[in-house]
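Here is a short report on one chain. Please keep the sequence and the model in view while reading.

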Amino acid sequence: MDVNRLRMRRAAAIAIVFGILALMATGALDRLMLGVFMCAGLALGGINAQITWMSIVRITDAETPSKQKLALSSAARLLILTGLSIVVAFFTRPYGVGIFFGLAVFQLILVLHTVVPEVKGLRQQP
């Protein structure tokens, strides 16, 4: 099994746990819709990570990998994701802002889950 795929699955599992905790916390505060939008942000973050992974693999496996293709792919994906998030947050305010919290939490989970093992590996090298 590919280590990177395993890390993505673990990050998704952690995000699901955070989503459940967000729903429990916001439900207890009588703000359940905020928790729903946080879960939507976590899901969007997961979808973005999967699309990013597929895009990187497709571009690097090509006969002539191009930094321009990678940059354009990233820019388009981030533009669509940001635009969708802003529209959702605007039309469902005040709870729609939770989508940004969910996106931020997923990115934090993904970064910490992929960087920490690499740092540990670097420390163990002579």
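The sections below go from the overall fold to single residues.

## Overall fold

This is a predicted model. The chain holds 4 helices and 0 strands. Read along the sequence, the pattern is α-α-α-α. The C-alpha trace spans about 50 × 35 × 25 Å along its principal axes.

Of the 126 residues in the chain, 27% are buried. Contacts between residues at least 6 apart in sequence can be split by separation: 67% of them join residues at least 24 apart.

## Helix 3 against helix 4

Two packed helices are described by the angle between their axes and the distance between the axes. Helix 3 covers residues 67–91, and helix 4 covers residues 98–124. They pack at an angle of about 145°. Their axes lie 8 Å apart.

Which residues meet here? Helix 3 brings Leu-81, Ser-85, Ile-86, Val-88 and Ala-89. Helix 4 brings Ile-99, Phe-100 and Leu-103. By class, the contact has 7 nonpolar residues, 1 polar and no charged.

## The largest pocket

Rolling a probe the size of a water molecule over the atoms shows where empty space is left. In this model the largest pocket holds about 180 Å³ of space. Its lining counts 14 residues. Nearest the centre of the pocket lie Ala-12, Ala-15, Ile-16, Leu-42 and Phe-106.

Helix 1 and helix 2 (32–60) are the elements that give two or more residues to this lining. Helix 1 provides the largest share, with 7 residues. The lining divides into 10 nonpolar residues, 3 polar and 1 charged.

Arg-7 sits in helix 1. Is this arginine buried or exposed? Arg-7 has a relative accessible area of 15%, so it is buried, the cut-off being under 20%. Setting aside residues up to four places away in sequence, Arg-7 touches His-113, Thr-114, Pro-117 and Glu-118.

Thr-26 also belongs to helix 1, which runs over residues 3–28. Thr-26 counts as buried because its relative accessibility is 7%. The side chain of Thr-26 reaches the backbone nitrogen of Gly-35 at 3.4 Å. Beyond residues up to four places away in sequence, Thr-26 touches Arg-31, Leu-32, Leu-34, Gly-35 and Met-38.

Most residues other than glycine have a negative phi, and most peptide bonds are trans. Two places in this chain depart from that. One is Asp-30, which has a positive phi of about 60° although it is not a glycine. Asp-30 lies in the loop between helix 1 and helix 2. Its relative accessible area is 62%, so Asp-30 is exposed.

The other is the peptide bond from Arg-93 to Pro-94. This bond is cis, with omega near 5°. Pro-94 is found in the loop between helix 3 and helix 4.

Phe-37 is in helix 2. With a relative accessible area of 13%, Phe-37 is buried. What does Phe-37 contact, leaving aside its neighbours within four places in sequence? The partners are Val-88, Thr-92, Tyr-95, Gly-96, Gly-98 and Ile-99. Val-88 and Ile-99 belong to the contact of helix 3 with helix 4 as well. Ser-73 is 36 residues from Phe-37 along the chain, and their C-alpha atoms are separated by 26 Å.

Gly-46 is also placed in helix 2. Gly-46 counts as buried because its relative accessibility is 18%. Gly-46 and Ser-85 are 39 residues apart along the chain, with their C-alpha atoms separated by 14 Å.

## Leu-108 in helix 4

Leu-108 lies in helix 4. Is Leu-108 buried or exposed? Leu-108 counts as exposed, because its relative accessibility is 51% and the cut-off is over 50%. Gln-124 is 16 residues from Leu-108 along the chain. The C-alpha atoms of Leu-108 and Gln-124 are separated by 24 Å.

How values were computed. Residues numbered from 1 in each chain as written. Predicted model: local features only at pLDDT ≥ 70, side-chain atom pairs only at ≥ 80, totals over all residues. Heavy atoms only, no water. Buried < 20%, exposed > 50% of the residue type's maximum accessible area, 1.4 Å probe, protein only. Polar contact = N/O pair within 3.5 Å; in protein donor to acceptor, adjacent residues only side chain to side chain. Contact = heavy atoms within 4.5 Å. Axes fitted to C-alpha atoms, helices over the stretch in contact; angles between N-to-C directions. Nonpolar A, V, L, I, M, F, W, Y, C, P; charged D, E, K, R; others polar. 1 Å grid on protein atoms, 1.4 Å probe; cavity = no way out; pocket = protein on both sides within 12 Å on 5 of 7 lines; lining within 4 Å. Points joined across faces, edges and corners; volume = space filled by probe spheres on them.
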